[in-house]
Amino acid sequence: MCVTCGCSDDAETKITNSQTGEVVAISHSHEGDRIHTLPDGTIISHSHHHENHHSQHQHTLADGTVISHSHSHEAPHKTDREASELHAKMHGTTISLEQNILAKNNLIAAQNRGWFKGRNILALNLVSSPGAGKTTLLTRTITDLKNQLPIHVIEGDQETANDAEKIKETGCKVVQINTGKGCHLEAEMVDKGLQKLNPPLNSVVMIENVGNLVCPALFDLGERAKVVILSVTEGEDKPIKYPYMFQASDVMILTKIDLLPYVQFDVNRCMEYAKQVNPKIRIFQVSAITGVGLESWYEWLLAEVPANVLA
């Protein structure tokens with residue numbers, strides 16, 4: 001369950017092997033857990049037991065806080081005073097809940113990281129808002145470097161295998177993960193995807209995450225680095241509007257710079273905002289269409305790959 005947006009665990013996640021056409025559904029082992037984020041930032045975690053016919057109810061407190069909880073139909077309805085007491089108890093455990101919510105994901109992410117290290121694989125997590133140009137940049141990168149880097153791809157989207165098909169056209173091996181209602185990839189999904197992708201030793205795995213500048217910042221997948229992709233068509237203030245993503249990323253790639261003459265976008269201000277939230281972030285300005293700026297991005301990428309990877 002995503003602690004930010006509450007995207008559903010009951011959505012079916014599917015992995016499609018683009019080479020074989022095999023489609024496999026995977027389930028979430030944390031089924032039953034539910035998380036609610038209150039207006040004041042309080043996070044409430046609890047479980048539903050459907051066999052007991054629990055139902056969901058809400059209370060609006062005097063300060064405007066909304067509390068969601070469940071109880072069986074046989075139990076009496078909670079009063080606002082009881083709901084207030086419940087909120088007070090839960091608020092006292094917010095910190096520990098926040099620490100534990102992602103514990104399982106982080107454990108699997110650590111296992112993924114060890115798996116990559118043991119096979120001498122560089123894994124990058126490509127993140128952006130929808131339409132920023134992740135797939136276009138990725139296909140151009142694969143095409144330009146195919147004689148130097150053995151690149152394999154895990155493609156994440158809520159639905160369709162459209163982007164995976166574009167990646168496949170480059171000759172690159174790719175698997176598609178469809179998250180359904182989910183708005184981000186999780187470490188467990190990547191683990192299952194790697195089993196289908198089976199990248200060889202001494203290679204590169206590019207993980208193209210679901211388009212979203214919020215939730216993927218929270219979920220470690222076991223990658224070496226997050227690469228956030230920002231288009232000049234989105235507005236230069238994205239780094240300060242979505243600071244957690246830019247704080248979590250090692251690299252920012254400013255894409256579609258060939259469109260600068262046609263849009264209102266202040267490049268210098270955008271870079272200042274990015275450095276403001278993450279002074280260590282590396283920034284590249286590129287056009288995947290014209291090729292401008294790609295050489296600097298490629299130099300960084302080639303410098304990051306472990307020994308014995310370069311073809």
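Visitor: How many aromatic pairs does the count come to by the rule for rings?

Guide: The count comes to three aromatic pairs, where rings of Phe, Tyr and Trp (its six-membered ring) pair if their centres lie within 6.5 Å. This is a predicted model, in which local features need pLDDT of at least 70 and side-chain atom pairs count only at pLDDT 80 or more, while totals for chains, interfaces and linings use all residues. Residues are numbered from 1 along each chain as its sequence is written, and side-chain values use heavy atoms, with hydrogens and water left out.

Visitor: Why is the pair formed by Trp297 and Trp300 called stacked?

Guide: Planes under 30 degrees apart count as stacked, over 60 as edge-to-face and the rest as tilted. For Trp297 and Trp300 the angle between the planes is 15° and the distance is 5.8 Å centre to centre, so the pair is stacked.

Visitor: What separates Trp297 and Trp300 in helix α10?

Guide: About one helical turn separates them, because they are three residues apart in helix α10 (residues 294-304); helices (H or I, at least four residues) are DSSP runs, numbered from the N terminus.

Visitor: What makes Cys183 and Cys215 count as buried?

Guide: Buried means under 20% relative accessible area (1.4 Å probe, protein chains only), exposed over 50%, partly exposed in between. Cys183 has 11% relative accessibility and therefore counts as buried; Cys215, at 2%, also counts as buried.

Visitor: How many disulfides does the rule give?

Guide: The count is zero disulfides, a disulfide being a pair of cysteine sulfur atoms within 2.5 Å.

Definitions and conventions:
Helix = DSSP H or I, 4+ residues; strand = E, 2+ residues; numbered from the N terminus.
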